[in-house]
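This briefing gathers points on salt bridges, helix packing and backbone geometry, arranged by topic for reading beside the structure.

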Amino acid sequence: MASQSRFIPEPKTLAIVGCPFSPDFKPKAGVDQGPIHLVEAGLIGQLENLGWKVVFDGHHQFEEINALHDPPIGILKNPRLVSRVTQSVAQVVGEHAAKGQLPVTLGGDHSLAMGTISGTLSKYPDACVVWIDAHADINTVDSTESGNIHGMPVSFLLGIGSKVEEFSWVKPILKANRLVYIGLRDVDAGEKKILRDNNIKAFSMHEVDKYGIGKVVEMALDHVNPGRDKPIHLSFDVDALDPSVAPSTGTPVRGGLTFREGHYICEAIYETGLLVGLDLMEVNPSLADQASVEQTVAVGCSLLRSALGETLL
């Protein structure tokens, strides 16, 4: 049964924000094409069939953002490029949210969530974030060992760690008690300490095995949204799924969510009627053979349909 959205007015409209962005590649040389594949696989028609009006004004390629001369800041790689792209995404997502549309961001690198969540919270400051991922992406400027900003977006949103002038536009608007993780299984020692120190609720694959996905989603929502009255931003990294389900992603880790567990999360969030922002990140066709790419793109479309109202019956 379709769930009535509590925050998105009729006729319910979603805006696809395509962000084929990966800062590890130079523009045009091998930019992550995941969002383009998802749209080419017929995603827009699939979502229209679920009763959504779909706004799509093409992919945001960020050609106007030139950061070829982008030396590291400390250890941070491509800081200017990542900052400008994510700030641009924040503006686009915020504009769609302000119009009462549901922004659906297709990525690309999970650093984009800095922008998508900033955009969502500009319209819904009390929203909570459900982050589905194998990784916590909460390293700070001080704890990161790689300097990859895609492992850091949550720390910027929470305002923890040393400040970087280039990212001063990211306001610390996410509160630790409004964030919950599901699916973690590859967490750095520094990140474990950050999660503990900030009392952030996280359900690893251990809890999924112990309680089952239904109970885990219920406990996660009880933590961040006990009254089931606050808007929800769902940020879903496909590497949360086991690589046997979604092989074509940047950092696959064995032992992930099954196909059904991933879909159950999306279905359960939709059922609340509280979804106001949705990310599907790290679909990366440049990293696998054709069959794996097609499988991952199909799973990505299927997850999005589940998060936007498709049910089994």
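This is a predicted model: local features need pLDDT of at least 70, side-chain atom pairs count only at pLDDT 80 or more; totals for chains, interfaces and linings use all residues.

A residue counts as buried when its relative accessible area is under 20%, as exposed when that area is over 50%, and as partly exposed in between. D70, at 9% relative accessibility, falls under that 20% limit and is therefore buried.

**Salt bridges**

- Side chains of opposite charge can pair when their charged atoms come close.
- With a side-chain nitrogen of Lys or Arg required within 4 Å of a carboxyl oxygen of Asp or Glu, the count comes to 6 salt bridges.
- One of these joins D70 to R80, with the closest N and O atoms 2.6 Å apart; this pair links distant parts of the chain, since D70 sits in the loop between β2 (53-59) and α3 (79-98) while R80, 10 residues away, belongs to helix α3.
- Another salt bridge pairs K193 with D197, where the closest N and O atoms are likewise placed 2.6 Å apart. These two residues lie 4 residues apart in helix α6 (residues 189-197), so about one helical turn separates K193 from D197.

**Helix packing around α9**

- Helix α8 (residues 213-224) and helix α9 (residues 259-271) have axes that come within 10 Å and cross at roughly 40°, which means that α8 is oblique to α9.
- The crossing in which α8 passes α9 is right-handed, and the contact is made by I213, G214, V217 and L221 on the α8 side and by E261, Y264, I265, A268 and I269 on the α9 side. The residues of this contact divide into 7 nonpolar, 1 polar and 1 charged.
- The axes of α9 and helix α10 (residues 290-307) come within 7 Å and cross at roughly 30°, so α9 and α10 are roughly parallel to each other.
- In this second contact, F259, G262, H263, C266, E267 and Y270 of α9 meet V299, S302, L303, S306 and A307 of α10, and the residues involved divide into 6 nonpolar, 4 polar and 1 charged.

**Backbone geometry**

- Most residues other than glycine have a negative phi, and most peptide bonds are trans.
- The peptide bond from E10 to P11 is cis, with omega near -10°, and P11 lies in the segment before β1 (13-19).
- N199, a residue other than glycine, has a positive phi near 55°; N199 is placed in the loop between α6 and β6 (201-204) and counts as exposed at 63% relative accessibility.
- R228 also has a positive phi, near 50°, and lies in the loop between α8 and β7 (232-237), where R228 is partly exposed with a relative accessible area of 22%.

**A position in helix α2**

- E48 belongs to helix α2 (residues 43-48) and is partly exposed, with a relative accessible area of 41%.
- Although E48 and V129 are 81 residues apart along the chain, a distance of 25 Å separates their C-alpha atoms.

Technical notes
Residues are numbered from 1 along each chain as its sequence is written. Side-chain values use heavy atoms; hydrogens and water are left out. Buried means under 20% relative accessible area, exposed over 50%, partly exposed in between (1.4 Å probe, protein chains only). Axes are lines fitted to C-alpha atoms, for helices over the stretch in contact, and angles run from 0 to 180 degrees between N-to-C directions. Angles under 35 degrees count as roughly parallel, over 145 as roughly antiparallel, 65 to 115 as roughly perpendicular and the rest as oblique. A crossing is left-handed if the near helix is turned anticlockwise from the far one by less than a right angle, and right-handed if clockwise. Contact means heavy atoms within 4.5 Å. Ala, Val, Leu, Ile, Met, Phe, Trp, Tyr, Cys and Pro count as nonpolar, Asp, Glu, Lys and Arg as charged, and the others, Gly among them, as polar.
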